[in-house]
Amino acid sequence: MHTHRLVRSLLAAVALTLGACSTAPQRDTVAPAAESLTVCSFNIKFVGNFKDKDNTALANLLKAYDLVVVQELIAPPVATPTDTTRNRAWKFFQAMEAQGFRSVLSESDTGHATLGGNTTSTEYFVTFYKPAKVSPVTDLPHGFIGSPLSQNSSFKRVPYAFAFRTPGGKFDFVLVSVHLEPTDRVFRAGEFRAIASWLQQQYSTQPERDLIVLGDTNLQNQAELTANTPGNFISLNDACVRTNVALGSAKPFDHIFFNPQFTREIDRTYGFKVINLVEAVQPGVPLTTATQTKFFGTYSDHHPVVFRFKLPAHDDD
């Protein structure tokens with residue numbers, strides 16, 4: 001299958017340094033599942049902010065996946081020369097659409113600043129999807145998981161739930177995209193408690209059990225991961241492989257949390273893949289102190305992370 005050949009070729013470029021708590025991820029040598037969904041989570045640094053963002057290269061990298069969950073979109077996509085940030089965001093969406101994606105965009109931005117300013121102080125959540133593989137739905141938990149969306153006492157940025165279903169209703173699931181507090185560890189722990197409370201509320205009031213929390217958690221190490229993982233959940237990045245692009249301060253920021261009792265469709269053999277962004281977009285050209293700031297603006301300061309669902313014969317919730 002062409003998609004999986006491309007995934008394997010990209011993963012062959014993975015050459016990350018040692019993880020914060022383990023070795024770097026291995027190459028993808030797992031055979032493709034007969035029916036599967038590949039999901040990528042990617043903090044793309046400040047989409048809409050940088051005029052030199054290489055949208056074509058990013059979209060070409062991401063076209064291998066069925067869903068792409070993006071953090072750090074700072075403006076809604078609008079084709080207008082009068083609003084630079086919105087127009088830059090629109091160009092990224094156009095590049096993704098050219099690769100066959102459609103998108104679900106949060107209805108607002110969120111953050112600890114005035115909303116609607118199209119600055120790096122707030123952000124929108126967006127998920128891109130291949131319409132032949134999944135469709136967004138509204139009969140499952142979806143939308144922001146808390147309020148207010150600005151100056152929220154529990155969240156720096158209120159997480160957003162995206163709900164999808166495969167054709168024929170064989171499998172449905174909810175992806176909760178997060179971008180948690182980067183510097184205040186105590187506040188970040190409170191964010192995890194608020195997420196755990198939301199998860200428990202869904203389990204108490206909704207029949208849907210496939211709730212996956214993913215994105216940029218800003219977790220620093222194994223101890224913090226252990227202390228904050230929601231009850232009965234595990235992280236696919238339990239080895240704390242480093243996921244940000246950095247020469248000397250890489251951390252295990254990005255995670256995929258799920259409840260293995262309920263979400264048995266996650267392919268544990270495939271595991272948690274980290275795509276080396278530097279090797280993927282500029283093969284053979286290493287990052288240096290002199291080039292990393294430009295690289296972050298052109299591409300990102302995070303590596304994409306990928307996991308896979310094995311599709312069941314029928315949905316179990």
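Counting pairs of cysteine sulfur atoms within 2.5 Å as disulfides, the chain comes to 0 of them. A disulfide is a covalent bond between the sulfur atoms of two cysteines. Cysteine 40 is buried at 0% relative accessibility, and cysteine 240 is buried at 1%. Here buried means under 20% relative accessible area, exposed over 50%, and partly exposed in between, with a 1.4 Å probe and protein chains only.

The model is predicted: local features need pLDDT of at least 70 and side-chain atom pairs count only at pLDDT 80 or more, while totals for chains, interfaces and linings use all residues. Residues are numbered from 1 along each chain as its sequence is written, and side-chain values use heavy atoms, with hydrogens and water left out.

**Overall makeup**

The chain has 7 helices and 14 strands, taken as DSSP runs (helices H or I, at least four residues; strands E, at least two) and numbered from the N terminus. Of its 317 residues, 56% are buried. With contact defined as heavy atoms within 4.5 Å, 75% of the contacts between residues at least 6 apart in sequence join residues at least 24 apart.

**Nonpolar cores**

A nonpolar core is a set of buried Ala, Val, Leu, Ile, Met, Phe, Trp, Tyr and Cys residues joined through side-chain atoms within 4.5 Å. In soluble globular proteins, nonpolar side chains tend to be buried together. The largest core holds 53 residues, and the members touching the most other members are Leu67, Phe173, Leu175, Ile212, Phe307 and Phe309. Helix α4 (residues 185-205) gives the most to this core, with 6 residues. Apart from it lies another core, of 33 residues, among them Cys40, Val70, Phe128 and Ile275.

Leaving aside residues up to four places away in sequence, phenylalanine 307 touches Leu37, Thr38, Val39, Leu175, Ile212, Leu214, Leu236, Ile256, Ile266, Tyr270 and Gly271.

Isoleucine 275 sits in the loop between β13 (273-274) and α6 (277-281). Its relative accessible area is 0%, so isoleucine 275 is buried. Isoleucine 275 and cysteine 40 are 235 residues apart in sequence, yet their C-alpha atoms are 9.7 Å apart in space.

**Helix α3**

Helix α3 covers residues 84-98; at 1.5 Å a residue, its 15 residues should span 21 Å, and the end C-alpha atoms are 21 Å apart, which agrees. The expected span is 1.5 Å times one less than the number of residues. The buried residues of α3 are Thr85, Asn87, Ala89, Phe92, Phe93, Ala95 and Met96. Their cover includes β1 (36-47), α2 (55-62), β2 (67-73), β3 (102-105) and β5 (122-129). Just after α3, glycine 100 takes a positive phi of about 95°.

**Salt bridges**

Side chains of opposite charge can pair when their charged atoms come close. The structure holds 12 salt bridges, a salt bridge being a side-chain nitrogen of Lys or Arg within 4 Å of a carboxyl oxygen of Asp or Glu. The table gives some of them.

| Pair | N to O distance |
|---|---|
| Glutamate 123 and arginine 157 | 3.6 Å |
| Aspartate 316 and arginine 264 | 3.4 Å |
| Arginine 308 and aspartate 267 | 2.7 Å |

The side chains of glutamate 123 and arginine 157 meet in a salt bridge. This pair links distant parts of the chain, 34 residues apart: glutamate 123 is in strand β5, and arginine 157 is in the loop between β7 (143-144) and β8 (160-165). Glutamate 123 is buried, at 3% relative accessible area, and arginine 157 is buried at 9%.

Aspartate 316 and arginine 264 also meet in a salt bridge. Aspartate 316 lies in the segment after β14 (305-310) and arginine 264 in the loop between β12 (254-258) and β13, so the pair ties together parts 52 residues apart in sequence. Aspartate 316 is partly exposed, with a relative accessible area of 36%, whereas arginine 264 is exposed, at 55%.

Arginine 308 forms a salt bridge with aspartate 267. Arginine 308 lies in strand β14 and aspartate 267 in the loop between β12 and β13, so this pair ties together parts 41 residues apart in sequence. Arginine 308 and aspartate 267 are both buried, and the relative accessible area of arginine 308 is 2%. Elsewhere, salt bridges that share partners join Asp139, Arg165 and Asp172 into one network.
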